[in-house]
Amino acid sequence: MDDSIKQALIDRFRGYLDMAQDGEEPPDDPGETADLFSVLVEVAALRSEVRRESRLVKEALEQFRGVFDTLQASQATLQRELDRARTETRDQAQSALRPLLLDVIDLRDRLVAALTLSAAARPRWRDRLWRRDRSGVAAWQEGLRMTLRRLDQILVDRRVVATQLAGLPFDPRLARAIGTAADSAVSEGTVIEEVRAGFLWDDQVLRTAEVIVSKGDAGKGDR
C-alpha cells in the first residue's frame, strides 16, 4: 500500500476514535464510507495484481535464463563446429598447396645452382683472347637473380622460410646429416654447412635440410 494512502487512512481512523472518545457520534456519511471501502478494495486488488505480476516476471526471468543458457550452449557448439571446419579446410588447403611449394623450392634450388656455376666458370681462352663482350652472360645472370628474388617473395608470402642451421647444434627434426667433417673451431655435433637448404612452413618442417656435421676427432680427416 502507498504510504500516502496509508497515512490518510490512519488519520481518518484516529479522528474517528477521537470523536468516539468525546462522546460524539461520527458523521453518517455513506459516501465517505463507500469511498473508503472502494479505496481499500482497490488497494487489495492492486496488491494482488502486483503479486501476480511479480510472479509472472519471475517466471519470465526463469524462462529467459533457460533460453539464454540454451543459446550459450548452442553458440559454444557452433563455435566448435566452425573451428573444426576451419581446421579441416586449412589442412586440406595445406595438403593441396604443399606439393606446389615443394616444386617452387626445387626450381629455386636449380636457379641457385645455375648462378653458382655461372659465377665460378672461367671464360674460355678464345673469349679471353678476343676479349669478347660478356654483357650477354651478365644479363642472363641478372635475369636468373630476378627470377630467384621473385620465387623467394612467393615463398615468403606463403609463410615459407629457409632454415639457417649453420653454426647451430644438429637437430634431427630439421635436418638430415649426409656427412661429417673435422672442424676444431666448433664443438662436436655442430652443423658446419647446409648442403641443401631446409624450409619451414608456419613453423612446421616443409623440407628437411641436408647438412654436414662436425665430428669430434680431427685426426680422421674430412667427411
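**Fold, sheet and cores of a predicted chain**

The chain contains four helices and six strands, where helices (H or I, at least four residues) and strands (E, at least two) are DSSP runs, numbered from the N terminus. Read from the N terminus on, the elements follow the order α-α-α-α-β-β-β-β-β-β. This is a predicted model, in which local features need pLDDT of at least 70 and side-chain atom pairs count only at pLDDT 80 or more, while totals for chains, interfaces and linings use all residues. Residues are numbered from 1 along each chain as its sequence is written, and side-chain values use heavy atoms, with hydrogens and water left out.

The pLDDT, which is the predictor's confidence in each residue, from 0 to 100, averages 77 over the chain, and 71% of the residues score at least 70. Confidence is highest in strand 4, at 94, and lowest in helix 3 (residues 125–130), at a mean of 50. Over residues 219–223 the pLDDT is below 50, although this stretch has ten contacts in the model beyond near neighbours in sequence; a contact means heavy atoms within 4.5 Å. Where pLDDT is low, the predicted coordinates should not be read in detail.

Three strands form an open sheet in the order 2-6-3, with mixed pairing; two strands pair if DSSP finds at least two bridges between them. Strand 2 and strand 3 (191–196) are the edge strands, each pairing on one side only. Neighbouring strands of this sheet are turned by 30° against each other on average, direction ignored; here the axes are lines fitted to C-alpha atoms, for helices over the stretch in contact, and angles run from 0 to 180 degrees between N-to-C directions. Strand 6 (residues 209–215) pairs with strand 2 in the parallel sense over seven bridges, and with strand 3 in the antiparallel sense over four bridges. V211 of strand 6 is the bridge partner of A177 and also of E194, whereas E210 of strand 6 is the bridge partner of R176.

Burial comes next: buried means under 20% relative accessible area, exposed over 50%, and partly exposed in between (1.4 Å probe, protein chains only). Buried residues make up 17% of the 223 residues in the chain. Strand 6 is largely enclosed by the rest of the structure, because seven of its seven residues are buried. On one side these are A209, V211, V213 and K215, and on the other E210, I212 and S214.

A nonpolar core is a set of buried Ala, Val, Leu, Ile, Met, Phe, Trp, Tyr and Cys residues joined through side-chain atoms within 4.5 Å. The largest one has 13 residues, and L101, I105, L155, V160, F199 and L206 have the most contacts inside it. Helix 2 (30–120), helix 4 (135–157) and strand 4 (199–201) each supply at least two residues of this core, with helix 2 giving the largest share, five residues. Another core, of six residues, lies apart from it and includes A175, V191, V211 and V213.

Finally, T163 sits in the loop between strand 1 (160–162) and strand 2 (175–182). T163 is buried, with a relative accessible area of 7%. Not counting residues up to four places away in sequence, T163 touches E194, A197, G198, F199, L200 and A209. With E194, the T163 side chain makes a side-chain polar contact (3.1 Å); a polar contact is a pair of N or O atoms within 3.5 Å, and within protein one must be able to donate a hydrogen and the other to accept it, while residues adjacent in sequence count only if both atoms are side-chain atoms.
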